[in-house]
Each structure stands twice: as C-alpha cells, then as structure tokens.
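Subject: Handing over a structure

Hello,

Here is the structure I promised to pass on to you. Please have a look at it first, and then read my notes on what turned up.

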Amino acid sequence: MGTEHQKSWLARKAEEALRSGFTRAYETVKVDPPEYLIHLRAAHGLPVQTYEGMFSVPIEELDDIAADIIRASMKIAAAEGAGMGLGGLLTLVPDLGILAAITMRMIQKLSLVYGFEYNTDDEIAELWIATASAAGVDISRELVERGVVRQFVPRVISRIATQASGEVVEKWAGRVIPLLSSVLGGALNYFFIRAWSERAARHFRDKHLAARGKMVEAGVVPRLGG
C-alpha cells in the first residue's frame, strides 16, 4: 500500500513539475530563430540566409546537425540529472522543470534545422504537435482547437505532462537513495532526452521531406540566399 501511495504522490508531483516546466519553457526559454540562424551559418558553414534555404541543403547534412543537437542535449540533461539527483526525490521537481526546458529548446532547434520557424500561431501549434509526438501523445482530438493557440497549448502541455509523469513513476522511483540517485538521475535524463529527441527529429524530418517533395513537384527550388 505504501508503495502505491508513493507512486501516486510521485506521479502528481511529476505531472505538476512537467506542466510547470513546459509552460515556463514555452514562455521564457525560446530559441530565437534569427540568432540561431546566425549560429547555424557560423558553426556548420550553411550558406543560408533564411530558414527557407534549409530546403536546399542536402537532407544528410541536416540530419548530421540534428544529431549534434541531440547529443549535446543528452549530455546537458545527463549532467543536470546527475547533479540534481544527489538530493533524491527532494530535487525531483526542480529537476523535471529543468529537463522540460532542455527538451523544449532541443525540439525548437530541431524544428529550425529542418526549416520550420514558429512565429505565427499556426507555426507555434505545429511546434507543440511535434512536442506531443515526441512524448508519444496522440492529440488528434485537440487539433480542432489549434487555431486558438492560447487554448490549444495549455491543453497539449497538460496531455504531455500526464503522459511523461507515467514514465517518471516507472523509471525514476530509484532516486529515493541519494548516492544511487545521482547516477540514476543522469542516466534516466540521458535516455529520456534520447527517446523524445528521436521521435521529434523523425517528425520534423518527415515533414521536411514532404514539403520538399511538394516544392519539387511544383518546380520550386528554395533559394539559399535571402
């Protein structure tokens, strides 16, 4: 009975932390598209002046950049999880909030690498559709509301938090032992990011290829320049 009660408490705390973390990440830690474009050009030598130019970059090159983003995010998440994990369950809530921010920034970067900005309401909705997909959440019922982002986003965040909290209960209960929880926290954060990143990258890659295919059919060749 005690174990079930602990799991129920842990699930509630995890869901609250993830919901709060994703909400804060959405509002405060957004990747700035113009600045990130400058970074992509400098760090990877991409000859693009706009994100539309990404559709002229070989897909293999975009995949390599996406893989770099994922690896970096996994390392950051692992380091954060190992440090916060020293406190066991006491640091679970702040850990999940930080993990949500790392995850959100990673998904935003993957979106930009594959050529999709998030400036308009429709683009923001698409970003959260990708985030839900990364979490393994089916939000088809919510898609009718996507035109009203202020209603759509909180509902999707809630669904994501509920889904992800289940993973926390199943995998992170070992954090009750402080020293073990440091190692476990780093490893679980690492694999959490890996699982989400693979689904998110696949979502954006498939969307990119579909859009590129339509451009080819229409005889449109995106320019690398502005």
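**The largest pocket**

Helix H3 gives the most to the lining of the largest pocket, with 6 residues. Before more on that, a word on the source: this is a predicted model, in which local features need pLDDT of at least 70, side-chain atom pairs count only at pLDDT 80 or more, and totals for chains, interfaces and linings use all residues. Residues are numbered from 1 along each chain as its sequence is written, and side-chain values use heavy atoms, with hydrogens and water left out.

The pocket has a volume of about 280 Å³. (A pocket is an open set of points on a 1 Å grid over the protein atoms alone, where a 1.4 Å probe fits, with protein on both sides within 12 Å along at least five of seven lines; lining residues have an atom within 4 Å of a point. Points are joined across faces, edges and corners, and the volume is the space filled by probe spheres set on them.) Of its 14 lining residues, Ile69, Ala72, Ser73, Ile76 and Lys109 lie nearest the centre. Helices H2 (33-44), H3 (59-84) and H4 (92-113) each supply at least two residues of this lining. By class it holds 8 nonpolar, 3 polar and 3 charged residues (Ala, Val, Leu, Ile, Met, Phe, Trp, Tyr, Cys and Pro count as nonpolar, Asp, Glu, Lys and Arg as charged, and the others, Gly among them, as polar).

**The second largest pocket**

This one has about 160 Å³ of space. H5 (121-135) and H7 (178-217) each supply at least two lining residues, and H5 has the largest share, 3 residues. The lining divides into 4 nonpolar, 2 polar and 5 charged residues.

Ser111 is one of the lining residues here, and its place is in helix H4. Is Ser111 buried or exposed? Ser111 is buried, because its relative accessible area is 2% (buried means under 20%, with a 1.4 Å probe and protein chains only). Leaving aside neighbours within four places in sequence, Ser111 is in contact (heavy atoms within 4.5 Å) with Phe116, Tyr118, Leu127 and Phe204. Phe116, Leu127 and Phe204 also line this second largest pocket.

**The chain as a whole**

The chain has 7 helices and 0 strands (DSSP runs, H or I of at least four residues for helices and E of at least two for strands, numbered from the N terminus). Buried residues make up 45% of its 226 residues. Of the contacts with a separation of 6 or more, 76% join residues 24 or more positions apart.

Best wishes

Methods. Buried means under 20% relative accessible area, exposed over 50%, partly exposed in between (1.4 Å probe, protein chains only).
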